[in-house]
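Good morning, and thank you for making time on the agenda.

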Amino acid sequence: MEYLIHLAILFAIYVPLAVSLNLVVGYTGLLSVTHAAFYGVGAYATTLLVVNFGWGFIPALLVAMILSGLLATLFGLILSRFRDDYYALVSFGFNIIVYSILLNWESLTRGPLGIPGIPRPEIFGLTFDSNLSFLILALALALTVYLVSAGIVKSSLGRVLKGIREDEKVLAIFGYNTEVFKLVIFGLTAMMAGLAGGLFATYITFIDPSTFGLNESIFILAMIILGGMANLRGSVIGALFLILLPEILRFVGFPSDIAAQMRQVVYGALLVLLMLYRPQGLLGEYKL
Amino acid sequence: MTILRTQNIHKNFGGVKAVDGVSIAFEPGKITGLIGPNGSGKSTLINLLTGMTAFDNGLIYIGEHTRLDHIHPYDLPDFGITRTFQDIRLFEQMPVLDNILIVITSRNVLGALFEKHKKYHLDIAEKVLRQVGLWEKRDCLAHDLSYGQRKLLEIARVLALNEDGGEVLHTILFDEPFAGLFPEMIKIVSETLCLLRSQGKTVVLVEHNMDIIRELSDHVIVLDSGQVIAEGTPAHALSQASVIEAYLGK
């Protein structure tokens with residue numbers, strides 16, 4: 001049971017990550033591979049404020065989200081000079097920069113040693129000590145992010161984001177300052193990723209830089225491609241699928257000496273097959 | 001009175017002088033045909049006028065008081081100008097209806113997030129889509145329309161902007177709206193141009209078909225190699241020796 005709750009919490013942490021990245025990649029068409037950087041900044045900022053400064057969970061999380069958003073705005077200003085493949089490459093670079101800073105600014109982050117002993121969230125005297133209570137908190141926050149995103153997607157703003165994806169120059173002709181829209185959505189989604197980071201840090205109670213590298217960005221990207229671009233429910237399903245799949249493969253019964261490797265192989269092969277036969281993902285409405 | 005004019009406007013691509021010192025004024029409330037052989041700079045000129053391409057030097061005047069040495073595309077609706085594209089540029093993976101709504105809904109982030117006037121927007125979209133016969137197709141992706149329907153959707157987009165900001169919009173630039181259309185669709189497009197003229201709008205029409213130019217335009221400007229080589233009424237401009245030479249060679 002604890003094991004299932006653990007998986008459910010992971011799912012609740014990845015839902016905001018996947019949903020927010022889908023707003024950027026699937027709706028707005030910006031192939032960002034730097035989402036884990038904002039996830040990491042959220043995790044580290046929350047942790048440092050709670051552990052070093054004794055802040056409460058809520059104010060620490062809010063400040064961490066704002067920091068992630070500001071960093072994204074800065075990155076977004078630079079990224080606005082790039083398109084398509086170059087955009088992806090530059091965003092790649094940002095993830096590596098943030099990862100390197102987390103790894104090497106040892107006086108602040110303790111580098112590769114990571115930061116242990118992060119307290120579980122405490123809100124109005126209520127401590128989310130047990131995994132079940134944490135799950136409820138995480139699900140509530142994930143649901144909030146989902147509903148905010150769904151609101152954006154259903155509004156005219158969602159239509160504008162898709163317009164940027166389809167033809168940014170033509171959209172500009174019709175009176176939209178698309179740079180502003182891109183910055184806003186990039187900053188906003190980075191805040192959502194920061195929120196997930198704060199949740200992750202206070203759930204695992206230990207963080208180190210390795211969680212927030214390129215691999216993680218690609219993992220989140222895989223969730224939304226698999227679930228389907230420009231479909232929020234798809235992102236939720238993608239997150240569920242990619243969290244459960246490695247777990248299910250544990251029970252397949254590979255010989256124990258090669259089990260770990262075989263799981264990776266099957267996992268990779270399944271992704272390739274899906275892209276071959278359903279390139280728009282499970283529920284996708286948009287092809288890259 | 002001028003509504004839109006250029007003064008000695010230039011654009012080079014590498015060593016090619018695509019637009020080479022063009023000074024023209026479009027007559028308000030008239031249809032001006034912009035013609036010339038392929039590569040004469042018609043589309044480039046339209047792109048310069050709409051901020052799609054930055055011009056090297058020269059000035060653009062809009063109305064009596066606005067004088068610009070560069071144009072941000074996103075200012076165009078406020079300047080009262082819009083356009084269509086020769087190579088049909090729609091929001092492909094979006095429904096037909098959304099292709100219209102997007103040009104009339106709020107232009108700022110918060111306004112778009114908390115959109116009001118949904119009924120008003122839908123009414124405009126229905127009206128213009130019915131006008132071009134695409135209302136039944138409103139839920140199709142733009143991508144799935146036929147060539148002619150796609151051209152009409154671009155026209156409808158302009159009409160929607162005209163309905164929404166009717167008093168602001170004064171100039172519409174059509175880049176080859178008739179190319180490749182069936183006769184019944186040509187009729188819809190030419191009716192649209194005449195409708196806009198009857199509303200007092202300034203219409204610029206880039207077109208290769210001389211019959212259409214003769215029939216519709218009040219005034220013709222002929223470009224060749226990025227320069228204006230003739231100007232005047234269709235009958236006058238098209239009979240100039242330089243024009244015939246530019247089209248047919250010596």
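Predicted model: local features only at pLDDT ≥ 70, side-chain atom pairs only at ≥ 80, totals over all residues.

Let us start with the interface between chain B and chain A. On the side of chain B, 29 residues are in contact with 27 residues of chain A. The two chains bury about 2500 Å² between them, and carbon and sulfur atoms account for 65% of that area. Within chain B, the residues that lose the most area to chain A are B:Tyr74, B:Gln93 and B:Val109, which together make up 25% of what that side buries.

What polar pairing crosses this interface? The rule finds 13 residue pairs in polar contact, with both residues at pLDDT 80 or more. Several elements of chain B each supply at least two residues to the side that touches chain A: helix H2 (76-79), strand S7 (81-83), helix H3 (96-101), helix H4 (109-113) and helix H6 (147-164). Of the elements of chain B, H4(B) gives the most to this side, with three residues. By residue class, the side of chain B that touches chain A comprises 16 nonpolar, six polar and seven charged residues.

Two salt bridges are found across the interface of chain B and chain A. I would draw your attention to B:Asp98, which forms a salt bridge with A:Arg159, with the closest N and O atoms 3.4 Å apart. Both partners are buried: B:Asp98 is, and so is A:Arg159. For context, a search of the whole structure finds 17 salt bridges over all chains.

Where in chain B is B:Thr105 found? B:Thr105 lies in the loop between H3 and H4 of chain B, and B:Thr105 is buried, with a relative accessible area of 3%. Its side chain is joined to that of A:Tyr176 by a polar contact of 3.4 Å. Beyond its neighbours within four places in sequence, B:Thr105 is in contact with A:Ser156, A:Arg159 and A:Tyr176 from chain A, and with B:Glu115 and B:His121 from chain B.

I turn now to the domains of chain B. The domain assignment gives domain 1 (1-80 + 170-250) and domain 2 (89-169). Taken over C-alpha atoms, the centres of these two domains of chain B are separated by 25 Å. The contact takes 22 residues from domain 1 of chain B and 16 residues from domain 2 of chain B.

Between them, domain 1 and domain 2 of chain B bury about 1400 Å², of which 69% is on carbon and sulfur atoms. How many salt bridges does the rule find across the interface of these two domains of chain B? The rule finds zero, while six residue pairs, both at pLDDT 80 or more, are in polar contact across that interface. On the side of domain 1 that touches domain 2, H2, strand S8 (171-175) and helix H7 (183-198) of chain B each supply at least two residues. H7(B) gives the most to that side, with six residues. The residues of that side of domain 1 divide into 12 nonpolar, six polar and four charged.

Finally, let us consider salt bridges within a single chain. B:Arg150 forms a salt bridge with B:Glu92, the closest N and O atoms lying 2.8 Å apart. Because B:Arg150 lies in helix H6 of chain B and B:Glu92 in the loop between S7 and H3 of chain B, the pair ties together parts that are 58 residues apart in sequence. B:Arg150 counts as buried, at 15% relative accessibility.

Helix H6 of chain B also holds B:Arg157 and B:Glu154, which are three residues apart and therefore separated by about one helical turn. B:Arg157 forms a salt bridge with B:Glu154, with 3.7 Å between the closest N and O atoms. B:Arg157 is buried at a relative accessible area of 1%, and B:Glu154 is buried at 4%.

In chain A, a network of salt bridges links A:Arg83, A:Glu168, A:Glu179 and A:Lys182.

How values were computed: Residues numbered from 1 in each chain as written. Chains lettered and ligands numbered in written order. Heavy atoms only, no water. Contact = heavy atoms within 4.5 Å. Buried area = accessible area lost by both parts, 1.4 Å probe. Salt bridge = Lys/Arg side-chain N within 4 Å of Asp/Glu carboxyl O. Polar contact = N/O pair within 3.5 Å; in protein donor to acceptor, adjacent residues only side chain to side chain. Helix = DSSP H or I, 4+ residues; strand = E, 2+ residues; numbered from the N terminus. Nonpolar A, V, L, I, M, F, W, Y, C, P; charged D, E, K, R; others polar. Domains from an automatic or database assignment. Buried < 20%, exposed > 50% of the residue type's maximum accessible area, 1.4 Å probe, protein only.
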